[in-house]
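Trainee: Could we go through this model together? I would like to begin with the helix packing.

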Amino acid sequence: MKLNKLLAQKRYHSLNAFLRKHFGERVQKVTIDAGLTCPNRDGTISSGGCIYCNALGSGTGEAQKGISVKKQMLNGMERLAKRYKVKKFIAYFQAFSNTYAPVEKLKKLYDESLVDERVVGLAIGTRPDCVNKEVVELLTSYKNKGLMVWLEMGLQSAHDQTLAFINRGHTYEDFVKALELAKSKSLLVCTHVIFGLPGETPTQMLETIEKLASLPIDGLKFHELYVVSGTMMEKLYREGQYKPLAQNEYVDLVCEALAMLPWRVVIQRLTGDPRPDELVAPGWAREKTKTLRLIEETLLNRDLWQGKYLGEPDPINTSVLS
């Protein structure tokens, strides 16, 4: 009982806690597929995309079925309201690059997600090289209307050699420039990183975190590299050229990374969430609940917390164990 109570007290700055503090209640994200594409797929940079990304681009495929942004939003709100008893929502544009279109089109899509007063924010997933002054001005206009606006940028790694190998199509410097542009308007920026990318050592993965810890990011999402069907990663895996991280390896890396990050950084995700019908490997990627539990237990057992290596205080009173 004591252990469960301790595990319920997060040793990291969770998104749930951040949103509750801001809005005074639980808020849920509604995932939106806007039917956009990516310069890494349409031939502008490449036509193959990142080697781990399949035809859905981490999306739901709803846009391909002809389901409008408004309908996706209303359906998601209804489902989440029943499940979590929530009354406020954030529209999360997830699939592909959701700033990769003329701003007039982007505004129409974003506006369509704001179905009623229950929608209190926008989260826009994109790439660093798809962030420009016009996009930042558009997002700022929503912030000025009182909405919480998150710009979510996929970095994946701070190592340009890795970015080139995975056919990412941008550099670390591109990310830094996009971050500076977004922060010039005080937008909230969440960065995505992937542990287990081909050729990277644990030291290199944590070097990415060390660099991010020194930048003015507001949030971070951790993902394990999992292999999905229909990708170049599947080919590499089946040919024996890639071995995914073991679950315990991933858990240890995340815990070390958390200890390197300042508490002000909101941890929006600790592990990926693959579609079961697409997952090739590793099998443990299906065990989201177990992975989260292992992270919580490892933080406790190793006496780690977010910000520890920066000299920030333990967020929990561990004396309840005595």
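Trainee: At what angle do the axes of H4 and H5 cross, and within what distance do they come?

Mentor: This is a predicted model. In it, the axes of H4 and H5 cross at roughly 25° and come within 10 Å. Angles under 35 degrees count as roughly parallel, and H4 and H5 are therefore roughly parallel to each other.

Trainee: Is the crossing of H4 and H5 left-handed or right-handed?

Mentor: The crossing of H4 and H5 is right-handed.

Trainee: Which residues in H4 and H5 meet?

Mentor: From H4, Val103, Leu106, Lys107, Tyr110 and Asp111 meet Glu134, Val135, Leu138, Leu139 and Tyr142 of H5. By class, this contact has 7 nonpolar and 3 charged residues, and no polar ones.

Trainee: Which residues of H5 are buried, and what covers them?

Mentor: In H5, residues 133-143, the buried ones are Val135, Val136, Leu138, Leu139, Thr140 and Tyr142. Their cover includes helices H4 (103-113) and H7 (172-183), together with strands E3 (119-126) and E4 (148-156).

Trainee: What does Asn132 reach at the start of H5?

Mentor: A side-chain oxygen of Asn132 comes to within 3.2 Å of the backbone nitrogen of Glu134.

Trainee: Changing topic, where is Lys29 placed, and with which side chains does its own side chain make polar contacts?

Mentor: Lys29 lies in strand E1, residues 27-32. Its side chain makes a polar contact of 2.6 Å with the side chain of Glu152 and another of 2.7 Å with that of Gln268.

Trainee: Beyond four places in sequence, which other residues is Lys29 in contact with?

Mentor: Among them are Leu15, Leu80, Ile90, Tyr92, Ala123 and Lys221.

Terms used:
Residues are numbered from 1 along each chain as its sequence is written. This is a predicted model: local features need pLDDT of at least 70, side-chain atom pairs count only at pLDDT 80 or more; totals for chains, interfaces and linings use all residues. Side-chain values use heavy atoms; hydrogens and water are left out. Helices (H or I, at least four residues) and strands (E, at least two) are DSSP runs, numbered from the N terminus. A polar contact is a pair of N or O atoms within 3.5 Å; within protein, one must be able to donate a hydrogen and the other to accept it, and residues adjacent in sequence count only if both atoms are side-chain atoms. Contact means heavy atoms within 4.5 Å. Buried means under 20% relative accessible area, exposed over 50%, partly exposed in between (1.4 Å probe, protein chains only). Axes are lines fitted to C-alpha atoms, for helices over the stretch in contact, and angles run from 0 to 180 degrees between N-to-C directions. Angles under 35 degrees count as roughly parallel, over 145 as roughly antiparallel, 65 to 115 as roughly perpendicular and the rest as oblique. A crossing is left-handed if the near helix is turned anticlockwise from the far one by less than a right angle, and right-handed if clockwise. Ala, Val, Leu, Ile, Met, Phe, Trp, Tyr, Cys and Pro count as nonpolar, Asp, Glu, Lys and Arg as charged, and the others, Gly among them, as polar.
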